[in-house]
Amino acid sequence: MSEQRSKADHDRWQGFSTKAVHAGFDPDPQTGVVNVPIYASSTFAQDGVGGLRGGFEYARTGNPTRSALEASLAAIESGTYGRAFSSGMAATDCMLRAALRPGDHLVIPNDAYGGTFRLIDKVFTQWGIEYSVAPIADPAAVREAMRPSTKLIWVETPTNPLLNVGDIAAIAELAHAGGAKLVVDNTFASPYLQQPLTLGADVVLHSTTKYLGGHSDVVGGALVTNDEELDVAFAFLQNGAGAVPGPFDAYLTMRGIKTLALRMERHSDNAEAVAEFLSGHSAVSHVIYPGLAEHPGHAVAAKQMRRFGGMVSVRLAGGIEAARDLCSRTEVFTLAESLGGVESLIEHPAAMTHASTEGSELEVPADLVRLSVGIEDAADLVGDLEQALA
Ligand SMILES: *Cc1c(COP(=O)(O)O)cnc(C)c1O
């Protein structure tokens with residue numbers, strides 16, 4: 001077996017793509033295999049009691065394929081420690097349990113991912129956790145929502161599905177001044193476009209189901225940090241609660257990461273073309289894309305992101321009926337939940353991904369349509385939207 005890479009693997013290379021391709025696994029000295037094998041083993045032989053050969057004893061605690069992915073995740077987020085989970089929600093659950101105790105308070109975006117909101121509102125409140133919502137684009141409002149008991153500020157940027165942009169450096173500063181940690185859900189941007197740890201965040205969270213996996217064929221999550229104490233808590237919960245990915249899932253995610261930079265460039269190119277087309281269309285009342293100069297978060301996005309990503313949301317002049325019609329008429333864009341894959345997807349958040357926010361402070365507009373712009377040809381994507389809006 002190839003030697004496990006150190007957690008500081010990323011120090012060996014400068015460029016993002018070099019890390020994305022190489023971090024986590026060196027060609028095996030015995031066989032020369034270039035890709036990390038799928039180690040389909042739940043247990044590992046010991047040389048005498050406690051004599052572990054590669055540091056592995058049981059695959060809930062650790063598996064070599066997962067370890068390779070975890071080293072890769074740490075490297076591409078410019079962090080020290082990476083932990084992989086069976087889903088983005090499993091990573092979210094681990095983060096909340098590692099950082100919060102009964103009586104603690106956290107601040108979440110007023111348009112947080114629906115599943116994040118649901119887990120906090122329906123589960124964690126039962127265990128004595130309190131939360132407030134705040135518009136993440138307004139650091140002063142985030143500060144106002146903080147209490148003496150606030151232990152965590154939860155930021156998504158850009159947010160899902162309204163693509164609001166939070167100033168990570170500014171929020172990190174006010175979180176730390178108030179004695180709280182900052183976690184950034186970096187799912188929409190991906191580490192190629194934005195690196196929250198370098199901007200002062202304490203933890204980066206991913207649904208690796210989305211851009212990191214990149215091919216809509218695997219569900220997973222990740223936490224990356226430089227904070228050793230937090231990482232020890234993550235590892236304890238990974239083993240203690242067991243929401244870990246299997247080796248095949250870890251392999252697929254690692255395979256996706258290798259092409260992340262190329263895909264994000266193309267997603268961004270195509271999303272720019274789609275946003276520009278939609279901006280001029282009479283059936284559309286608002287185009288929401290951080291790359292547009294009129295987007296309220298454009299300047300902050302330009303400061304902290306390499307490009308503006310592949311997600312575009314629109315509000316339809318014809319209201320909810322027009323929104324539902326658009327979703328059912330596209331042919332290249334597939335009507336489906338999720339995002340971040342090579343194929344373009346379209347969805348109606350109020351009825352699909354964000355149905356759980358109905359009636360809450362996080363309710364999304366009914367005339368909103370969310371596009372995950374894929375890596376197909378821009379002309380075909382624009383043509384598809386043109387016919388669907390006609
Ligand atoms: C999808 C998503 C999640 C949840 O991840 P799963 O892998 O579906 O469990 C969390 N945050 C954001 C921003 C997401 O898009």
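Modeller: Helices here are DSSP runs of H or I with at least four residues, and strands are E runs of at least two, numbered from the N terminus. The model is predicted, so to speak of local features we ask for pLDDT of at least 70, and side-chain atom pairs need 80 or more, while totals for chains, interfaces and linings use all residues. Residue numbers start from 1 along each chain as its sequence is written, and side-chain values use heavy atoms, without hydrogens and water.

Colleague: Thanks! In which loop does Pro 161 lie?

Modeller: The peptide bond from Asn 160 to Pro 161 is cis, with omega near 10°. Another cis bond joins Thr 157 and Pro 158, at an omega of about -10°. Pro 158 sits between β4 (150-156) and α6 (168-177), and Pro 161 is likewise in the loop between β4 and α6.

Colleague: Now the ligand: how far is its oxygen atom from the polar side-chain atom of Thr 209?

Modeller: Around the ligand there are 14 residues (a heavy atom within 4 Å), and Thr 209 is among those that come nearest, with Met 89, Asp 185, Ser 207 and Lys 210. Polar contacts here are pairs of N or O atoms within 3.5 Å. A polar backbone atom of Met 89 is 2.9 Å from a ligand oxygen, and an N or O atom in the side chain of Asn 160 is 3.4 Å from one. For the side chain of Thr 209, the distance to a ligand oxygen is 2.7 Å.

Colleague: How many charged residues are in the shell around the ligand?

Modeller: Asp, Glu, Lys and Arg count as charged; Ala, Val, Leu, Ile, Met, Phe, Trp, Tyr, Cys and Pro as nonpolar; the others, Gly among them, as polar. The shell has 4 nonpolar and 7 polar residues, and its charged residues number 3.

Colleague: Which element gives the most to the lining of the largest pocket?

Modeller: Of the 26 residues in that lining, Met 89, Tyr 113, Asn 160, Ser 207 and Lys 210 are the closest to the pocket centre. A pocket is an open set of points on a 1 Å grid over the protein atoms alone, where a 1.4 Å probe fits, with protein on both sides within 12 Å along at least five of seven lines; lining residues have an atom within 4 Å of a point. At least two lining residues each come from α3 (88-99), α4 (114-123) and β6 (203-207). The most, 4 residues, come from α4.

Note on methods
A polar contact is a pair of N or O atoms within 3.5 Å; within protein, one must be able to donate a hydrogen and the other to accept it, and residues adjacent in sequence count only if both atoms are side-chain atoms.
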